Structure formats: structure tokens, C-alpha cells
Amino acid sequence: MKICLISFDSTYFDHNIAIELKKRNIETNHIDVSKFKYKYKSVFDRVGNTLTKLFFKRNKKHEAQEDYILKQIKKLGYQDAILFIRPDKISRKTHLEIKKQTDKYLTYIYDSCRRFPIGHLLDGLFDEIFSFDLVDVQKYNFTFISNYIYMKKKDIIRTNDNIFIVISIDERFEFLNKLADYLSNHGIPFKFIAVGKKLPKNSNTDIIYSRRTLLPEDLLEDFENSKIFLDLIRKDHNGLSFRIFEALAMQRKIITTNTSIKEYDFYNPNNILVLDENAEINVNPDFLTSLYEPLSDTIYYKYTIENWVDTVFKLK
């Protein structure tokens, strides 16, 4: 069996799918398009592309990127299945060419269609569309599947009472800063790392700023040393981020603004505190001091990458 994964793995999560497939002795290849770098031939080439984008809605960089994908997949030969993650990032024309190289063309969307529309790709292009967003699943009749636990399960250990998050500086920062002020005023320890080009003014002085994107392996020590993981939902998202599944693997508590988490079978108010961004913040001290209550093996396995791969590629 031959399977190809095509994705833009800048956050370094997708490669875990290829690793899991290879464990099954399946011939697996991962085309990580984030590794493709376009080089302008000259300053005139750069200016020319700017004008082409402006007047003709064409982008030489995107076209070169799509050519790269097609060359790579054709080099690999015909595939039993191809899974494309973030299908909105390339044209329908290129998708149709990729589809010619496989018996089963699949896609997984771990972003909301309200943020990244794919209406132009819904007319029978994919054999199956998987999505983590409950609203999109209901609206478009996608197949629901969440993100997955990619880490090995850790034992429950006593750690610092630290609340931890690493987050990009975006529309969520205002609430992050508000929460940081609350925690500071109540003497509750936290480690918030904000990543972006510039830290907003009047930020809580205990928020750590970084210009460099941090990958999962950069955060292992913080995962180990934190009792509670913080998860702030993006606007128009109705799915669970990888931070939730990292917390399940580490057997850590979660504070989140994602109200949809209450609909999952692993939800336990002892382990998960849901905050309303529009209400006054209140963190019950009992939540901070009580111990994590483990999930059953059956529920835990449901969210592992092993089960994810079996489900998407129908290996069982």
C-alpha cells in the first residue's frame, strides 16, 4: 500500500501522521510544502510579480509552489491514497491534477471554513472531507474527526501550579492579557509566551515575548513543569486545538475559552475549566488544587493518532 501526505507543516504536527503510517509498514511519503522556498531571479522579477498579482491576480510564487507539488507527486508514482491538509492553499486546477495520481483523494481541515473558505473545492473533488469543526461538519456534511494525541501518554505527577500557554499575538491577546492581570492579582503562577512581531503596549509585565516560532519540541520542559494548560480559541473556530490533546497525553488540567469542549466524551469539569471571554474572570481555587482525574483507556485511545490513522485511511 502506498500513501502520500501533502501538507504545509510549518507547526510540525502533520509529520506525525507519516510516522504512524510507517509504523504499519505502509510505504509513506510526506510532501511538506512549507519546505519549498521560491527565489526571485532578480529585483525586476520581484517587481514583475507584484504587478502581475495586482493587475492579473496571478502569483508566480504560488504557481511555482503548485508546480513543485505536482512534480513531487508524479515522481512518487500512483498512490493508493493521498491526504491533503489545508486544501484552500492551492487551486482547484492543481487539486484535479493531484487526484489523477490516486485511487482515493482525501482532505483534512483543521481550520474553520469561515476563516479559510473552500467552497470552490466542494463539488465532488475529494472522495472524503474530514473536519475538526463541528459547525462545518453539520453545514457541509463533512466527516467529523478531531485533532489527535501525537505524544506518548505520561504518568500523573505532581508539578508546579503553573498555568502555561504559548500563543501567537492575534485577536486572542486582549483576553490573554486580561487573564494575566487576574492571575497576577490573585497570586496564581503562570507562564504565558506570546509570539509575534511586536508585543502590544500595556501588556502584563509577566508575559514573555518571543519573535521566534516555538515548535512542540521547544516546549517539552514547559509541558513537564506545568499543572494546567491554557487554550484560547480563535475567532470562528469550533474545533479543538492540539493544545487540548497535548494536555490529555500529559494528563494535565485545561483552562479554555472553547465552549464546544463540553460536547466531547472526555469532558470532566474537574479537569477542564471553561471561561467565558465576555464575562468576569473567576478561577475557582478548588480547580487549581484538586488532582487530575484520568480518562478511561477506551476514551483515551479514541483520540490517539493510532485511531486517527485507522479512521481516515480505513485500515481496520
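# Sheet, pockets and rings in a predicted model

Reader: What order do the six strands of the open sheet take, and is the pairing parallel or antiparallel?
Author: The order is β2-β1-β3-β4-β5-β6, and the pairing is parallel. Strands here are DSSP runs of E with at least two residues, and helices are runs of H or I with at least four, numbered from the N terminus. Two strands pair if DSSP finds at least two bridges between them. This is a predicted model, where local features need pLDDT of at least 70 and side-chain atom pairs count only at pLDDT 80 or more, while totals for chains, interfaces and linings use all residues. Residues are numbered from 1 along each chain as its sequence is written, and side-chain values use heavy atoms, with hydrogens and water left out.

Reader: Which strands are at the edges?
Author: β2 (27-32) and β6 (143-144). Each pairs on one side only.

Reader: How many bridges join β5 to β6?
Author: Two, with β5 covering residues 128-131. Phe-130 stands opposite Thr-143 in β6.

Reader: Pockets next. How much space lies in the largest pocket?
Author: About 1,000 Å³. A pocket is an open set of points on a 1 Å grid over the protein atoms alone, with protein on both sides within 12 Å along at least five of seven lines; a cavity is a set where a 1.4 Å probe fits but cannot get out; lining residues have an atom within 4 Å of a point. Points are joined across faces, edges and corners, and a volume is the space filled by probe spheres set on them.

Reader: Which residues lie nearest the centre of that largest pocket?
Author: Thr-11, Phe-13, Ser-168, Arg-172 and Arg-234, out of 36 lining residues. Elements giving two or more residues to this lining are β7 (163-168), β10 (228-231) and α8 (242-250). The largest share is four residues, from β7.

Reader: How does that lining of the largest pocket divide by class?
Author: 18 nonpolar, nine polar and nine charged. Nonpolar covers Ala, Val, Leu, Ile, Met, Phe, Trp, Tyr, Cys and Pro; charged covers Asp, Glu, Lys and Arg; the others, Gly among them, are polar.

Reader: And the second largest pocket, how much space lies there?
Author: About 280 Å³. It has 14 lining residues, and Lys-23, Tyr-150, Met-151, Lys-152 and Glu-306 are the closest to its centre. α1 (15-23) and α11 (305-313) each supply at least two residues of that lining. α1 gives the most, with five.

Reader: How many cavities of 30 Å³ or more does the structure hold?
Author: One. The largest cavity has a volume of about 50 Å³. Its lining includes Leu-248, Lys-253, Phe-266 and Tyr-292.

Reader: Lys-253 again: which ring does its charge lie over?
Author: Phe-287, at 4.6 Å from the ring centre. The test is NZ of Lys or CZ of Arg within 6 Å of the ring centre and within 35 degrees of the ring normal. Arg-86 lies over the face of Phe-116, at 4.0 Å from the ring centre.

Reader: How many aromatic pairs does a search of the whole structure find?
Author: 20. One is Phe-223 with Phe-229, tilted, at 5.3 Å centre to centre and 40° between the planes. Rings of Phe, Tyr and Trp (its six-membered ring) pair if their centres lie within 6.5 Å; planes under 30 degrees apart are stacked, over 60 edge-to-face, the rest tilted.

Reader: Is Phe-223 buried or exposed?
Author: Buried, at 1% relative accessible area. Phe-229 is buried too, at 0%. Buried means under 20%, exposed over 50%, partly exposed in between (1.4 Å probe, protein chains only).
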